[in-house]
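Biologist: I am new to this structure and would be grateful for a close look at one part of it. Please set that part in its surroundings as you go.

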Amino acid sequence: MMRHKMMDALRHSVLRLGLGLSLACASGLPLAAHALTAPQALELAAGEADERVAQLLQLAASDDAQAHALIRALSDESVQLQDGRVLIVQGAEAIDAVSGAVVALADGAEEAVVNNRLRGALDSALAGMDLLKGDAARQREAAAILQRGAFDDPTPAQLPLVERALSPEFAARLDPAARESLQLAQAALHLASTDPAQRSAAARRLAGVGQPIVKALLSQRLESETDPAVKTALSQALSSVERALSTASVLGQMFTGFSLGSILLLAALGLAITYGLMGVINMAHGELIMIGAYATYLVQLAFRHYLPGAFDYYLLAALPLSFLASALVGAAMERSVIRFLYGRPLETLLATWGISLVLMQGVRSLFGAQNVGVENPSWMSGGITLLGSLTLPWNRIVIIVFAFAVLLAVALLIGKTRLGLFVRGVTQNRPIASCMGVNTARIDTYAFALGSGIAGLAGCALSQVGNVGPDLGQNYIVDSFMVVVLGGVGQLAGTVYAALGLGLLNKLLEGWAGAVLAKIAVLVFIIVFIQKRPQGIFALKGRQA
């Protein structure tokens, strides 16, 4: 019996020592004597709402490892009250939060209640405690939580937690983005100060931050402010923020329009060859874009299943495969149907429209009618934040660069290679090219396959900005024809200007009149333009015509 009692006592001692060491290590602080008092623990676990929040933030700003352990336990909902003591429950054992003694957990113990308000304060407290422990990403996440708490429900008790992280002792270890978030949180908390000078300084600090959350906070404070000097500072800051937001909005619309223009450019480049150079009205061009997107989807599935460690590189393999898949389908279309219809545009329109229906139904039979998701590689996720509220997504930036790279490759291929020379010769004068020994039938197939392959590249790019479905190409076929006709038939430069111009015009009008009216306005503009200049922006001149 004596031996069992000694073993129990030893086990409890080791448990208390291990718990204390683990808590101190978890908090990243040196071991120290427990400063947490019983009244503080009781107020945190069972006090009134305001007192609990204030006590929580006060303890989180301290260097007390035992207080931090109680906060973490409260967040995990493993705190109970028994006989006026606050206990941290660890499995079948209970530890006194103040003394660290092991306590037998009785049946009548009550669980400490954590309501929504306390849960929000716990998030801020844990963020402040963990701010300097993780990497830069974790610091930014924790600082964002503190900033959100300061803007949503500013209380004076939050200020020590933020200022502790910004103190010279810790500021050098902060990520720059995390430091900026904490400085905004500090300014928001100073805006709720009782000192008018501090409120004015905080308003001036927030004046240069063009974020919607700052605008909402300044508007709210302006309504409740009574001091004339502070009211003036708030008004000036609000005007500055509104100007910054307006500038960011216009720049964002321009970037979105440029991005849409690059997508239209990719979709129309292939059509500029099949329609602009060969005169074939290919209504199945949108389905060739869809085939490229589905080829990208299949490559993604293959990498996820067979090469999960190299998943970030699946897009590099998908580019040539999507080009090849659409090029082969295009070559098959040309050899089986279109080669019999050259010079008969109405027949090519009807035939390719029928082919488009067959291709869509075939995809529905193979993959189903529902959209499928294509995941961005990690290096295309996220974006660049400018002017506080303007974010440029990496996937859009990459697509813009990719579109101009494809444009450069097509221009060099048409203008500098033997195949390009043959394509231009057959396009301008088929009989003479044939007399010169050019196999015109083969060149037609190569040119149509090239235009179809570029459509496949467009599908690969489109899979990175939206879902892939059987109707994907239908969203771009009309716009692609408008780009080619507006730019000038057979003119790559006109295709570029028309695609970017229509993208920018469409998005700028959307911000002013809405999506539907913007589309109508763009169509009216194109109709009027074609009436005045039927040849498009860049018309063929002289012997080229």
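Are Glu225 and Arg199 buried or exposed?

Modeller: Glu225 and Arg199 are both buried, where buried means under 20% relative accessible area, exposed means over 50% and partly exposed lies in between, with a 1.4 Å probe and protein chains only. The model is predicted, so local features need pLDDT of at least 70 and side-chain atom pairs pLDDT 80 or more, while totals for chains, interfaces and linings use all residues. Residues are numbered from 1 along each chain as its sequence is written, and side-chain values rest on heavy atoms, without hydrogens and water.

The side chains of these two residues form a salt bridge, at 3.0 Å from N to O. Because Glu225 sits in the loop between helix 11 (212-224) and helix 12 (228-277), while Arg199 belongs to helix 10 (residues 196-206), the contact joins parts that are 26 residues apart in sequence. Helices here are DSSP runs of H or I with at least four residues, strands are runs of E with at least two, and both are numbered from the N terminus. A salt bridge requires a side-chain nitrogen of Lys or Arg within 4 Å of a carboxyl oxygen of Asp or Glu.

The whole structure holds eight salt bridges. Another of them joins Asp96 to Arg85, with 2.8 Å between the closest N and O atoms. This pair also links distant parts of the chain, since Asp96 lies in strand 3 and Arg85 in strand 2, 11 residues apart. Asp96 is buried, at 7% relative accessible area, whereas Arg85 is partly exposed at 35%.

Strand 2 and strand 3 (residues 93-96) are antiparallel and share four bridges, two strands being paired if DSSP finds at least two bridges between them. Val89 has Ala94 of strand 3 as its bridge partner. The hairpin formed by strand 2 and strand 3 has two residues between them, and Gly91 in the turn has a positive phi of about 65°. Strand 2 (residues 85-90) is also joined by four bridges to strand 1 (residues 79-82), again running antiparallel. Gln80 faces Leu87 of strand 2 there. In that hairpin, with two residues between the strands, Asp83 takes a positive phi near 55°.

A further salt bridge brings together the side chains of Arg364 and Asp471, 2.9 Å from N to O. Arg364 is in helix 15 (residues 345-367) and Asp471 in the loop between helix 19 (440-462) and helix 20 (477-487), so that 107 residues separate these distant parts of the chain. Arg364 is partly exposed at 28% relative accessible area, and Asp471 is likewise partly exposed at 39%.

For comparison with the buried pair, one may turn to two other buried regions. In helix 7 (residues 159-166), six of the eight residues are buried, including Leu161 and Arg164. In helix 13 (residues 285-306), Tyr294 and Tyr297 lie three residues apart, about one turn of the helix. Both of these tyrosines are buried. Ring pairs join Tyr294, Tyr297 and Phe367 into a cluster.

To return to the part in question, Glu225 and Arg199 are both buried, and their side chains meet in a salt bridge of 3.0 Å.

Definitions and conventions. Phe/Tyr/Trp six-rings, centres within 6.5 Å; stacked < 30°, edge-to-face > 60°.
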